[in-house]
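Dear colleague,

Please find below the structure that I am handing over to you. My notes on it follow directly after.

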Amino acid sequence: MRDAAASRLGTGGTAALVGSPFVLGPSRRRAAALDERENGTVSKDEVAVTELGRAARRWSDLLQGWAIPGPVLASAPEPPYFFDPEVFEHAAAEALARDVDTVSDSVARELLPAGGSVLDVGAGGGAASLRLGAGGARVVGVDQSRELLDVFRSLASSAGVRVGAFEGSWPEIAGSVPSADVVVCHNVVYNVACLAEFVEALDAHAKRRVVVELTAEHPLSWTRPYWKALHGLVVPDGPTADDAVAVLAALGLAPQLQRWTRVVQMVGETGPDGLSKIARRLCIGPDRYDELRRVVAEVPPPTRRDVVTVWWDKRRRAWSDSELPPV
Ligand SMILES: C[S@@+](CC[C@H](N)C(=O)[O-])C[C@H]1O[C@@H](n2cnc3c(N)ncnc32)[C@H](O)[C@@H]1O
């Protein structure tokens, strides 16, 4: 979807369009300076910066491709950007109640010491962290939505988990947030245009490990046929988890990953009022429900999603700060 006056089509209604995707974090800047001093040329660093720039640009360009064209947005009876707090509350309650750990839970738990700490960025209701808190970890959540932080606090209190909460947008708020043994960040990165900065701040706050969970494809990829049928719009088939991993690798983070599937829980459009929610996302009103109903019958929303758990350890960094002299 390409239009100069377009707004971004985020999953939660907002998107972090902050800074530049080409800004390097502290470790990369130091590595760049070292290369420059040692070589006289900047060839190695230039390659790294080019790789990072290319990966980061691809990520942000593909996300921008999800922008809703201005005229479509202007015709929307209701703002298409919305989130349903109940969806996130349900996800967190389900995480607290389930019998077994997901892949992401296990990967986080693996490096979490007894009584250790977890920082949950884009916490929502706390699906990524409250289960770890119930196992004895100290949990801090960060979210830009006060409403969702209230859900997070309330669920934590019912589960007997003591939590801290910081309201604000990551990475802007990162300077006020304490670091933790394990940093978790689930179902957030498709809202983040400047992924390199966002990830570097996650990394800077982890003492042991960072665990990122994301859907294999854009969380709204299943709406692609609906945009085509109702507006004639072609939505890009990216970005994907592989594109995110390319940014992490270009940052020198040595990411590991595991693919798995889970029941859809993030969308909130599969319930009894699902059709009206899909219609709202597509900027159409009840006058087009019949058209939408036909397309949805042909290509129903998914009930399961492929997801990817990506993680990296501080000791596994390809470019360790301790190996670099001060610059
Ligand atoms: C799809 S929800 C996921 C919530 C939770 N992590 C989960 O998996 O259930 C995304 C959450 O990230 C928050 N969020 C998105 N971008 C953010 C940012 N840059 N800084 C802080 N919170 C953000 C949203 O407010 C929302 O609560």
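In which sense, left-handed or right-handed, does α8 cross α10? The crossing is right-handed; a crossing is called left-handed if the near helix is turned anticlockwise from the far one by less than a right angle, and right-handed if clockwise. Before the remaining results, some conventions are needed. This is a predicted model, in which local features need pLDDT of at least 70 and side-chain atom pairs count only at pLDDT 80 or more, while totals for chains, interfaces and linings use all residues. Residues are numbered from 1 along each chain as its sequence is written. Helices (H or I, at least four residues) and strands (E, at least two) are DSSP runs, numbered from the N terminus.

The pair of helices

Two packed helices are described by the angle between their axes and the distance between the axes. For helix α8 (residues 195-204) and α10, the angle is about 65° and the axes are 10 Å apart. Axes here are lines fitted to C-alpha atoms, for helices over the stretch in contact, and angles run from 0 to 180 degrees between N-to-C directions. The contact is formed by L195, A196 and V199 on the α8 side and by A244, V247 and L248 on the α10 side, where contact requires C-beta atoms, placed from the backbone, to lie within 7 Å.

The sheet

Seven strands make up an open sheet of mixed pairing, in the order β3-β2-β1-β4-β5-β7-β6. Two strands are taken to pair if DSSP finds at least two bridges between them. At the edges stand β3 (163-167) and β6 (256-263), each pairing on one side only. From one strand to the next, the twist averages 20°.

Three of the pairings may be described individually:

- β1 (residues 117-121) and β4 (residues 180-186) run parallel and are joined by three bridges; D120 is opposite V184 in β4.
- β5 and β7 run antiparallel, with seven bridges between them; V210 is opposite W312 in β7.
- β6 and β7 are also paired in the antiparallel sense, over eight bridges; T261 is opposite D306 in β7.

Helices lie across this sheet. Helix α7 lies across β2 (138-143) and β3, at about 180° to β3. Helix α10 (residues 241-250) lies across β5 (206-215), β6 and β7 (304-313), at about 10° to β7.

The buried residues of α4 are V87, F88, A91, A92 and A95. They cover an arc of only 130° around the axis and therefore lie on the same side of α4; the arc is that of the directions from the helix axis to the C-beta atoms. A residue is buried if 20 or more other C-beta atoms lie within 10 Å of its own, exposed if 12 or fewer, and partly exposed in between, with C-beta atoms placed from the backbone. The buried residues of α4 pack against α6 (130-134) and α7 (146-158), whereas the face turned away from the buried side carries the exposed residues E86 and A97.

In helix α5 (residues 103-110), the buried residues are S104, D105, V107 and A108. Seen down the axis of α5, they fall within an arc of 165°, so they line one face of the helix. Their cover includes α6, β4, β5 and β7.

Backbone points to check

Most residues other than glycine have a negative phi, and most peptide bonds are trans. The following places depart from that pattern.

The peptide bond from W170 to P171 is cis, with omega near 10°, and P171 is in the loop between β3 and β4. The bond joining G238 and P239 is cis as well, with omega about 0°; P239 lies in the loop between α9 (224-231) and α10.

N187, in the loop between β4 and α8, has a positive phi near 60°. N187 is buried, with 22 other C-beta atoms within 10 Å. C283, in the loop between α11 (274-281) and α12 (289-298), has a positive phi near 65°. C283 also counts as buried, with 23 C-beta neighbours inside 10 Å.

With kind regards

Conventions
Two residues are in contact if their C-beta atoms, placed from the backbone, lie within 7 Å.
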